[in-house]
Amino acid sequence: MKDKNWKDKVPDKINEGIYQYLANIFLCNIGAGAALGILEKFNIKSKAARCIGMIAGIIITGVIGGSAIANFIGNKIINPIILKKDEKEKRTPEILDLTLHTDDIATVSLLSGLKWIEPALPILYSISGYRAGIGYRNKSNNNVSSEID
């Protein structure tokens, strides 16, 4: 069935895609990579210490800072381009967003040397892709495309 209002849903899908990519994928990997770099600099070889350090990097940059950074980029760059206006919208994290960070455990495992987990990363990242595809932005109005058409 064709949706006549598909053009109205595209900005929500783009915004959610950018939010998911920044908050739940990119910034978490930046945090883990930065922590790994620090651990390497201090020659820390303990797998437990490396794992804890990288998880701390993920929590700081992705879980705590990810939503704020993604909202800032959305409001300052994406919304003015896509919506052609300065619409302030704050996407608040939800429980499902926090569960999406399970892929970060796989990322930490990969960075700490467990190469066998690498094929699972695309599957784990696909959940963020699905959320972007439905365009959910936890708005309070009825313009949200949260159903599957």
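Leaving aside its neighbours within four places in sequence, which residues is Ala-32 in contact with? Select Ala-32 and look around: with those sequence neighbours set aside, the contacts are Met-54, Gly-57, Ile-58 and Leu-111. Keep in mind as you click that this is a predicted model.

Now zoom out to get your bearings. Colour by secondary structure and you'll find five helices and zero strands. Trace the chain along its sequence and the pattern reads α-α-α-α-α.

Next stop, the largest nonpolar core. Select Cys-28, Ala-32, Ala-35, Leu-36, Leu-39, Met-54, Ile-58 and Val-108, and you have its eight residues on screen. Then highlight helix 1 (6–41) and helix 2 (47–82), the elements that each give two or more residues to this core. Helix 1 is the top contributor here, with five residues. Ala-32, where we started, belongs to this core, and so do two of its contacts, Met-54 and Ile-58.

As background, nonpolar side chains in soluble globular proteins tend to be buried together.

Finish with the whole protein. Switch to colouring by burial, and 38% of the 149 residues count as buried. Last, draw the contacts between residues at least 6 apart in sequence: 68% of these join residues at least 24 apart.

Methods: Residues numbered from 1 in each chain as written. Predicted model: local features only at pLDDT ≥ 70, side-chain atom pairs only at ≥ 80, totals over all residues. Heavy atoms only, no water. Core = buried A, V, L, I, M, F, W, Y, C linked by side-chain atoms within 4.5 Å. Buried < 20%, exposed > 50% of the residue type's maximum accessible area, 1.4 Å probe, protein only. Helix = DSSP H or I, 4+ residues; strand = E, 2+ residues; numbered from the N terminus. Contact = heavy atoms within 4.5 Å.
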